[in-house]
Amino acid sequence: MRERNYRLWAGADLVSTAGTWMQVLGLNWVILSTTGSAALMGAVVLLQSLPVLLLGSWGGALADRLPARPALIACQALRAALAFALLAGASHALIVAVALSSGVISAFEGPVLGRFGSALVPRSALGSALALGSVLSSAGRIGGMALGGVLVGLTGPGVLFLINGVSYLGVIAALVAMRTGSLRALPAAAAGEGGIRAGFRYVLGRPVVLIVLGLSFVLGSLGRNYQVSMAAMAAGPLHGGAGAYGLLSTAFAVGAVAGGLLLAGSGRSTLGVLVATGVGISVLQIGAGVAPSVASFAGVLLPIAAGAVVFDTVVSTRVQLDTREDMRGRVLATMGIVSSLSGMVGAPAVGWLADTLGARGGLIVCGMVTTVVAVGGAVALGRVAGIGLPGGGRVAEQAA
């Protein structure tokens, strides 16, 4: 935080991420309230993920070649325009168009964002910057869901779209205000290693990174779509409405902040922490499925949210620190593709399970699957490294 450019970026990213997830929540609530289908709500999430899956590899290759700052300004301007367009009326056709357009932007913007973040601080501070940035991003996401959950019941979704549009303008202002002379120059890929295939070969040659991405995919798809499952629980077996949804979103936000502060204070972004939190939040998800009331469900959400922030932060930190800087854009693109796949598979699957088995049954089944996978991932990491889980920090270093 001693770096001026990083302070500007951290503040802008926190606000923008909160605005983005307020818009996501607003769109989800419009769909659920007008159609009553959790599966359709999941399908819209899929539409946002599809372009990242199809175009993410090209986005990563471009991120390792293009100047990041001008590209980010252009992407933020486009996102602001989409958010303001929703103020004209969030019809189903417009929601679909915005979802697809946002996905196209994300395919190119995501890798650029990660690479640009690495240029904001010296190499010696990179680990701390990545961890703190991931915590702030997670806090913004959950905070935006919490505030959005309250506002959507008081003002309707239009205010959420307006706030999101303004937040993008704040990011543009922060980018313009940065001191370009203080940005760290990142190494370029060697001749013949700047393409998409070279990036995939590099990632495929790192088994620890592959296992971490596999865990991220399964837990992200079946254990991280709470914008779907919270709405389904609030509108279904918990017999709540917008007010209950707001309470659950707030509980999730409090847990997320607690988890972020815990990780930032300990600084332990190791594989041991990764698998422990993965197993923990999966077991707790089963408990959430049998919670009898809004209050008890909110109580289980607190540690789930804390563990989810820790898990996501460790995944992001380890994947970036354990790979070469000249491959950073393509590695981040791969991580974005995994995230998109988890959204494409998970959101519709969670919505379908909620419609078919009920909200409770869907949570329980997903929790059982993620628990098995998390335990299997822990065993696989130990075998690949040839040492036990207590050496999680040394395992991560071997992946570099």
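Is V309 buried or exposed in this predicted model? With a relative accessibility of 1%, V309 counts as buried, because the cut-off for that class is under 20%. The legends below begin with this residue and its helix.

**Figure 1. V309 within helix α12.** V309 is placed in helix α12, which comprises residues 294–321. When neighbours within four places in sequence are set aside, the contacts of V309 are with S138, A256, G259 and G260. G255 stands 54 residues from V309 in sequence, and the C-alpha atoms of G255 and V309 are 8.8 Å apart in space.

**Figure 2. Helix α3 and its buried side.** Helix α3 runs over residues 68–85 and has 18 residues. From its first C-alpha to its last, α3 reaches 26 Å, close to the 26 Å expected at 1.5 Å a residue. The buried residues of α3 are A68, L72, C75, Q76, R79, A80, L82 and A83. These residues lie on the same side of α3, because they cover an arc of only 160° around the axis. The helices against which they pack are α1 (4–35), α4 (92–118) and α6 (158–177).

Figure 3. S102 belongs to helix α4. The relative accessible area of S102 is 11%, so this residue is classed as buried, the cut-off being under 20%. Apart from neighbours within four places in sequence, S102 is in contact with R79 and L82. Both R79 and L82 are listed among the buried residues of α3.

**Figure 4. Helix α1 and the residue that follows.** G36 follows α1 and has a positive phi, near 75°.

**Figure 5. The largest pocket and its lining.** The largest pocket holds about 230 Å³ of space. Its lining is made up of 14 residues, and those nearest the centre of the pocket are L66, A68, A119, R184 and L186. Helices α3 and α4 are the elements that give two or more residues to this lining. By class, the lining residues comprise 9 nonpolar, no polar and 5 charged.

**Figure 6. S229 in helix α9.** Helix α9 (residues 226–235) contains S229. With a relative accessible area of 7%, S229 is buried. S229 is in contact with V350 and L363, neighbours within four places in sequence being left aside. R360 is 131 residues from S229 in sequence, yet the C-alpha atoms of S229 and R360 are 9.0 Å apart.

**Figure 7. V159 in helix α6.** V159 is located in helix α6. The relative accessibility of V159 is 31%, and the residue accordingly counts as partly exposed. A separation of 31 Å lies between the C-alpha atoms of V159 and R360, which are 201 residues apart along the chain.

Methods. Residues are numbered from 1 along each chain as its sequence is written. This is a predicted model: local features need pLDDT of at least 70, side-chain atom pairs count only at pLDDT 80 or more; totals for chains, interfaces and linings use all residues. Side-chain values use heavy atoms; hydrogens and water are left out. Helices (H or I, at least four residues) and strands (E, at least two) are DSSP runs, numbered from the N terminus. The expected span of a helix is 1.5 Å times one less than its number of residues. Buried means under 20% relative accessible area, exposed over 50%, partly exposed in between (1.4 Å probe, protein chains only). The arc is that of the directions from the helix axis to the C-beta atoms. Contact means heavy atoms within 4.5 Å. On a 1 Å grid over the protein atoms alone, a cavity is a set of points where a 1.4 Å probe fits but cannot get out, and a pocket is an open set with protein on both sides within 12 Å along at least five of seven lines; lining residues have an atom within 4 Å of a point. Grid points are joined across faces, edges and corners, and a volume is the space filled by probe spheres set on the points. Ala, Val, Leu, Ile, Met, Phe, Trp, Tyr, Cys and Pro count as nonpolar, Asp, Glu, Lys and Arg as charged, and the others, Gly among them, as polar.
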